[in-house]
Amino acid sequence: MARAQFSAETAGGGAFVRQPNRFTGRVTPHSTSPEGGGPDDQGRWPLEAGRYRLIWCRACPWAHRARIVRGLLGLDEVISLGTVDPIRDERGWRFSLDQDGFDPVLGIGYLSDAYLSTDPDYTGRVTVPALIDTVTGRVVTNDYPQLTLDFSTEWRRFHKPGAPDLYPIELRPEMDALMAEIHRDVNNGVYRCGFATSQEAYDEAYRALFTRLDVLSERLSERRYLMGEQITEADVRLFTTLVRFDVAYHGHFKCNRQKLTEMPVLWAYARDLFQTPGFGETVDFDHIKRHYYATHEMINPTRIVPLGPDLSGWTTPHGRG
Ligand SMILES: N[C@@H](CCC(=O)N[C@@H](CS)C(=O)NCC(=O)O)C(=O)O
């Protein structure tokens with residue numbers, strides 16, 4: 001069997017099994033801690049404007065979700081943003097895009113500095129997104145699925161006027177089930193294709209991915225967004241994978257039954273979102289390509305970054321809505 005990109009996260013049959021999220025603190029108005037205090041005995045941090053910092057990488061689909069949701073809800077003013085270099089070095093995610101290589105607020109050069117000062121025994125992958133407490137420098141959470149839902153529900157006090165409800169209470173049961181399928185087969189499914197180290201594991205992931213995309217395409221042929229006429233968290237989660245499909249997953253992860261541009265409904269849907277304020281301006285195709293092709297040395301040992309594909313189609317009329 002081929003050598004794995006992440007051997008600790010590769011099962012016996014060559015399938016990629018993602019590590020659990022280590023830090024699962026939550027910022028919430030229900031915390032019993034005072035302002036400026038740490039987490040209460042249930043891991044709940046106090047809700048405060050200007051206190052927490054979101055660290056993201058423009059290339060990362062999990063981090064990209066948090067960036068989009070933060071913007072759609074108008075939380076930009078109350079949660080600051082730090083951006084790591086799309087290429088990790090041997091110490092991992094670094095703040096080399098910042099002056100002198102240090103995050104200007106946290107004063108650290110590597111995201112691992114925050115992880116290790118929070119848990120000196122941490123041995124897992126240091127991942128984005130991460131929400132960091134600027135008072136103590138500790139990692140509050142790297143639990144990306146909960147993070148964005150908390151932006152919608154726990155941070156409501158700081159939403160901009162007229163902010164969308166991305167997680168409507170009456171839709172949650174259906175949305176949760178849909179997002180679980182999208183996560184398994186699409187968001188993480190592309191990684192299960194790319195990081196498989198056996199033909200069988202790859203075949204299984206590939207089939208699940210395209211079968212799910214067919215189902216989603218069918219659903220989206222009858223409605224503008226996944227849950228109807230309003231954008232929800234489910235759309236944000238699907239978008240961050242679709243926008244990377246042709247530039248990264250089709251080639252690098254061998255998700256190549258079709259390109260996104262060859263799946264008419266999904267392509268129009270993705271363009272519709274791309275052209276919606278809060279989406280397109282957060283996309284950095286250059287960072288995405290450089291991250292994937294130059295980071296996974298087991299998959300692309302030459303680290304050559306392809307020049308294509310042509311991206312001009314993203315701004316063409318989508319004909320939806
Ligand atoms: N926290 C999740 C998802 C976040 C994630 O995987 N982010 C990627 C970037 S897309 C990352 O930070 N990878 C760091 C690494 O592979 O060392 C995980 O641990 O799998």
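In this predicted model, 23 residues of domain 1 are in contact with 27 residues of domain 2. The side of domain 1 that touches domain 2 draws at least two residues from each of the helices α1 and α3. Helix α1 gives the largest share of that side, namely eight residues. Sorted by class, the side of domain 1 that touches domain 2 holds eleven nonpolar, seven polar and five charged residues. The two domains themselves come from the domain assignment, which places domain 1 at residues 7-158 and domain 2 at residues 171-315. Between their C-alpha centres the separation is 23 Å.

Most of α1 is covered, with eleven of its twelve residues buried. Among the buried residues are Pro61, Trp62, Ala63, Ile68, Val69 and Leu72, and the list also includes His64 and the arginines Arg65, Arg67 and Arg70. What do these buried residues pack against? Their partners are strand β3 (52-56) and the helices α3 (144-153), α4 (172-187) and α7. Just after α1, the backbone at Gly74 adopts a positive phi of about 75°.

The interior of the protein can be described next. In soluble globular proteins, nonpolar side chains tend to be buried together. Here the largest nonpolar core contains 87 residues, and Leu111, Val128, Ile132, Cys193, Leu266 and Ala270 have the most contacts inside it. Helix α7, covering residues 233-252, contributes the most to this core, with ten residues. Both domains take part, since domain 1 (7-158) and domain 2 (171-315) each supply at least three residues to the core.

Which residues are around the ligand? They are Arg18, Gln19, Asn21, Cys60, Trp62, Gly92, Arg125, Thr127, Val128, Asn142 and Tyr144. By class, this shell is made up of four nonpolar, five polar and two charged residues. Some names now return from the earlier paragraphs. Trp62 is around the ligand and is also one of the buried residues of α1.

Terms used. Residues numbered from 1 in each chain as written. Predicted model: local features only at pLDDT ≥ 70, side-chain atom pairs only at ≥ 80, totals over all residues. Core = buried A, V, L, I, M, F, W, Y, C linked by C-beta atoms within 7 Å. Buried ≥ 20, exposed ≤ 12 C-beta atoms within 10 Å, placed from the backbone. Helix = DSSP H or I, 4+ residues; strand = E, 2+ residues; numbered from the N terminus. Domains from an automatic or database assignment. Near = placed C-beta within 6 Å. Nonpolar A, V, L, I, M, F, W, Y, C, P; charged D, E, K, R; others polar. Contact = placed C-beta atoms within 7 Å.
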